Amino acid sequence: DNHLVPKGHTTGGFDDFAHSDQFLSSFQLRHLLYYEDLKEYASTHIVNEITGGIGNGTTNSFPSPSLWRQGRGIDIFWELYTKATGCSRTSMNGQNIESVQRQLVRSFCNYEFAKFCWMSLVS
């Protein structure tokens, strides 16, 4: 049983599916992190813009997104995410997850915050 192969496809055609846009934006793959090599990104400018300046920039210090700017920070995040990546809240628009994650880190200029947002809001 392969839960990544959509219904109606056989696992014999998995190679074709694995190289399709549908595979690259599959919900199960959104839980993987591809951008470990971008840890040097550590600016807090965008983090402060989204969160209102709460948290000190480490994974354990980022507050729940519902606390960002009394809840308004989530909308700011999605606006910046959409502009930076070309994705929406519900779709990767056929883009490769690795590429989207890298765009997120580079546009937010902060690896840890991008990772936190990916795990708490995007995936």
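Me: Where does Arg-69 lie?
Reply: Arg-69 is in the loop between α3 and α4. Keep in mind that this is a predicted model.

Me: Where is Met-92?
Reply: Met-92 is placed in the loop between α4 and α5.

Me: Is Met-92 buried or exposed?
Reply: Buried. Met-92 has a relative accessible area of 1%, and the cut-off for buried is under 20%.

Me: How far is the C-alpha of Met-92 from that of Val-122?
Reply: The two C-alpha atoms are separated by 9.8 Å. Along the chain, Met-92 and Val-122 are 30 residues apart.

Me: Let's step back. How many helices and strands are there?
Reply: The protein chain has six helices and zero strands. Along the sequence the pattern reads α-α-α-α-α-α.

Me: What share of the chain is buried?
Reply: Of the 123 residues in the protein chain, 36% count as buried.

Me: And the contacts, what share join residues at least 24 apart?
Reply: The figure is 60%, taken among contacts between residues at least 6 apart in sequence.

Me: Core next. How many residues does the largest nonpolar core have?
Reply: The largest nonpolar core has 23 residues. Those with the most contacts inside it are Trp-68, Phe-77, Tyr-81, Phe-108, Phe-113 and Trp-118.

Me: Which elements give two or more residues to this core?
Reply: They are α3 (45-51), α4, α5 and α6.

Me: Which gives the most?
Reply: Helix α6 does, with eight residues in this core.

Me: Why would nonpolar side chains be buried together?
Reply: In soluble globular proteins they tend to be.

Me: How do α4 and α6 pack, at what angle?
Reply: The angle is about 105°, with the axes 12 Å apart. Helix α6 covers residues 111-122. That makes α4 roughly perpendicular to α6.

Me: Which residues meet there, between α4 and α6?
Reply: From α4 come Phe-77, Trp-78 and Tyr-81. From α6 come Cys-117, Trp-118, Leu-121 and Val-122.

Me: How many nonpolar, polar and charged residues in that contact of α4 with α6?
Reply: Seven are nonpolar. The contact has no polar and no charged residues.

Me: Switching to charges. How many salt bridges?
Reply: The count comes to two salt bridges.

Me: Which side chain does Arg-89 meet in a salt bridge?
Reply: Arg-89 meets Asp-75, at 3.0 Å from N to O. This pair links distant parts of the chain, 14 residues apart. Arg-89 is in the loop between α4 (73-85) and α5 (97-108), while Asp-75 is in helix α4.

Me: Where do Arg-89 and Asp-75 stand on relative accessible area?
Reply: Arg-89 is partly exposed at 47%. Asp-75 is partly exposed, also with 47%.

Me: And Arg-102, what does it form a salt bridge with?
Reply: Its partner is Glu-98, and the closest N and O atoms of Arg-102 and Glu-98 are 3.3 Å apart. Both are in helix α5, four residues apart, so about one helical turn separates Arg-102 from Glu-98.

Me: Buried or exposed, Arg-102?
Reply: Arg-102 counts as buried, at 18% relative accessibility.

Me: Last one. Where does Ser-99 lie?
Reply: Ser-99 is in helix α5. At 31% relative accessibility, Ser-99 counts as partly exposed. The C-alpha atoms of Ser-99 and Thr-85 are separated by 8.6 Å, and the two residues are 14 apart along the chain.

Key: Residues numbered from 1 in each chain as written. Predicted model: local features only at pLDDT ≥ 70, side-chain atom pairs only at ≥ 80, totals over all residues. Heavy atoms only, no water. Salt bridge = Lys/Arg side-chain N within 4 Å of Asp/Glu carboxyl O. Buried < 20%, exposed > 50% of the residue type's maximum accessible area, 1.4 Å probe, protein only. Axes fitted to C-alpha atoms, helices over the stretch in contact; angles between N-to-C directions. Parallel < 35°, antiparallel > 145°, perpendicular 65-115°, else oblique. Contact = heavy atoms within 4.5 Å. Nonpolar A, V, L, I, M, F, W, Y, C, P; charged D, E, K, R; others polar. Core = buried A, V, L, I, M, F, W, Y, C linked by side-chain atoms within 4.5 Å.
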